[in-house]
Each structure stands twice: as structure tokens, then as C-alpha cells.
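Please keep the sequence and the structure in view while reading.

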Amino acid sequence: VDMIGKLVYSAPWASSAPAGTPAADAQYYPPADNADFAAYAAATVARYKDRVRVWEVWNEPNTEYYWRGGATAQQYGALLKATYDAIKAVDPTATVLVGGLDQFSDPFMQGVHAGGAGNSYDALAIHVYTIDGAPETGAIPTYLDAAQAFLNRNAPGRGLWITEVSWSTCTTCPGATSEADQAAYLKRIYLDAAARGIRGIAWYNLVGGDDPESFLDTYAVSEKSGRLKPAYTALKEVGAVLADGAAVGRAGVSATSVPTRVDDMASTTGYAASGINGGTATLRTTSTAYAGSGALQLSYDFSGSSRGAQIQTDKTISGQ
């Protein structure tokens, strides 16, 4: 287990919040002067650099809750650049992460680069909570694929981290899971992350809260009473596997295998398209096909707070 240091947030005296804003809210406004935050980062890294070697700058800066006042991605980019330079001056070996994005937003990261921070991070960190099922079939692959594609295009060689992921076991919350599923999903997201070459992954969190009907209080692998949930054992087991082994990537199809066409996409039957966090997405057939007798065309509108679109299907594949 290693430590990721989170450099958060604005001290009330250094915040850009309007005068009279309560300190509990003022902290979530960007600093009035990035030099103040950079000085705080340098002092913190200097104190803990013998124990902490990875630093995340802010938390979910692409959300209105943790980055208030209508501030922009370019402003976060300017903060990131100043902080990166300050950290590297104190510890050139430190790894600096873009501060745990909520899911992934290509436009936000483009704005970060536009703010001058294209070379001011060593890795991109994202949070991939979802309420739409297993790690392989829900929105998580969409976020990870999009984040990796951004890095491939704009920052090749930079790593991808998952600094928060979890499934809630709240029994009345929409999209919550059973404790058995939570444990299974934990193992599978860790193994999938290893296969993808993701540099680090952090489950949120270890000890739950007081409310058994709250998302935040039931993400944990144990309860305040001391009861260990099945996810606790899953974390131990997958940790042992990853500590003693190395991921070799995804299993490939044998060169001698006979390809199986699962679907020629001549019909939308069995397919569903939907927007992620808002927006619209619809499918229709089109006669312009790369192979086979048909193809599907996706029409989408990424409006408001939408994060993208996803296509889902459930097809039976013959053979082994």
C-alpha cells in the first residue's frame, strides 16, 4: 500500500470566494493567487517527500462542487502548472497527477492544456464511479477508453490512474449492488486496470459511515462496527495476486481460431443507446457498411452535463 498525497483546497484567506463566504464553502473556490497554493504544495512535499512520492493536485476540478465560482479548465491548468513546477523544484522524482477528474471530460482536458499545463503532469487521474452495473459493461470502459485516447493523442507516455472507484451496498439507493457483487466488481476492476496498464488504482474506501442507506457510507469494505464485508477479502486476494504477479494484458484470440461473426448489424434489435449523465443517443441502421450486410449509425447530443454516449448489447457467442 502506497500513499497518494492530495493537495487540497484553498485556505479561506487565500480563496477567490466572494467576501463573506463561509470557510466551508470558500475552500472550494480556486486560490486568488496561484503562487500561494504553489507555496503550500512545495512546503507539503518538502515535509513528506521521504514517504509520499505521488501527488494529486486538487480533487474533481471538473465539477461545480469542488471548483466553484464559474472558474474554467484553463484556470485549473494555470494552477496545475504553477503547482507542478513547485513540486518538481522540491522533489524532481515525484509523480504529479491531474487532480482526480469526475469520470472523464475531453473538453476539460483540452482546456487544461490550453491553460499552459500540457507538460505539467506526469499522469492523468480519474474517478470512475458508476451505478449501471459491472465494470466491463457499464460506463467505466467508456471513461477509461476516452481518457487513454486523449493521452495517446495529446500526451503520449503519460500514465493513467484510477484514484477513486467503488460500488455502494446501500440497499435503497438507485443502482446499488449486493455485498457479493461489490466484492466481485472490486476484483474485476483491479484486474481490468492491471490488464490495461493503469499505473495505480485506489478503492474508496476502507471504513464505512453511520448511515446504511447512504452511497458515501456504504462504499467501504468494512463497517464502523468492525464487520468485514466480502469486499475486504476480495481486496486482500486481488492485492496478493497483483503484488506477486505481472499483468500481461488481455488474452488474445489464437491465430488458429476461426473467426465468428456475432452480428452483422443489419438491425437495431438487441441494441440500446443512451446518453451518460444527460444528453441523448439513438441508433439506426445504415446501408453504408464496412463488412457484412449492414451497419449502425449513432446520433447523439452531448448537452448540459452529459459525459458522452454508450451502446449496449447482449449477444451469445458460440464456442469456447
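Helices are DSSP runs of H or I with at least four residues, strands are runs of E with at least two, and both are numbered from the N terminus. The model is predicted, so that local features need pLDDT of at least 70 and side-chain atom pairs count only at pLDDT 80 or more, while totals for chains, interfaces and linings use all residues. Residues are numbered from 1 along each chain as its sequence is written, and side-chain values use heavy atoms, with hydrogens and water left out.

**Helix 7**

In helix 7, Ala231, Ala234 and Val238 are buried. These three cover an arc of only 50 degrees around the axis, so they are on the same side of helix 7; the arc is that of the directions from the helix axis to the C-beta atoms. An α-helix has 3.6 residues a turn, so residues three or four places apart point the same way. The face of helix 7 turned away from the buried side carries the exposed residues Lys236, Ala243 and Asp244. Here buried means under 20% relative accessible area, exposed means over 50%, and partly exposed lies in between, with a 1.4 Å probe and protein chains only.

**Pockets**

Rolling a probe the size of a water molecule over the atoms shows where empty space is left. A pocket is an open set of points, on a 1 Å grid over the protein atoms alone, where a 1.4 Å probe fits and protein lies on both sides within 12 Å along at least five of seven lines; lining residues have an atom within 4 Å of a point. Grid points are joined across faces, edges and corners, and a volume is the space filled by probe spheres set on the points.

The largest pocket has a volume of about 1,200 Å³. Its lining comprises 33 residues, and those nearest the centre are Val1, Asp2, Tyr190, Ile201 and Ala202. Among the elements that each supply at least two lining residues are strand 1 (4-7), strand 5 (159-165) and helix 6 (179-196). Helix 7 gives the most to this lining, with 5 residues. By class, the lining of the largest pocket has 21 nonpolar, 5 polar and 7 charged residues. In this classification Ala, Val, Leu, Ile, Met, Phe, Trp, Tyr, Cys and Pro count as nonpolar, Asp, Glu, Lys and Arg as charged, and the others, Gly among them, as polar.

The second largest pocket has a volume of about 500 Å³. It is lined by 22 residues, with Ser105, Asp106, Pro107, Phe108 and Arg307 closest to its centre. Helix 4 (106-117) and helix 5 (140-154) are the elements that give two or more residues to this lining, and helix 5 gives the most, with 4 residues. The lining of the second largest pocket has 10 nonpolar, 8 polar and 4 charged residues.

**Salt bridges**

The structure holds 14 salt bridges, a salt bridge being a side-chain nitrogen of Lys or Arg within 4 Å of a carboxyl oxygen of Asp or Glu. Three of these pairs are listed below.

| Pair | N to O distance |
|---|---|
| Lys81 and Asp85 | 3.5 Å |
| Asp122 and Lys88 | 3.0 Å |
| Glu237 and Lys187 | 2.5 Å |

Lys81 and Asp85 are 4 residues apart in helix 3 (residues 73-90), which means that about one helical turn separates them. Lys81 is partly exposed at 37% relative accessibility, and Asp85 is partly exposed at 41%. In the second pair, Asp122 is partly exposed at 24% relative accessibility, whereas Lys88 is buried at 19%. Glu237 forms a salt bridge with Lys187; because Glu237 lies in helix 7 and Lys187 in helix 6, the pair ties together parts that are 50 residues apart in sequence. Glu237 is partly exposed, with a relative accessible area of 38%, and Lys187 is partly exposed, with 30%. Asp145, Asp192 and Arg196 are linked in a network of salt bridges.

Met3, in the segment before strand 1, is exposed with a relative accessible area of 54%. The C-alpha atoms of Met3 and Ala202 are 9.9 Å apart, although 199 residues separate the two along the chain. Ile131, in the loop between strand 4 and helix 5, is exposed with a relative accessible area of 52%. Ile131 and Pro174 are 43 residues apart in sequence and 7.2 Å apart in space, C-alpha to C-alpha.
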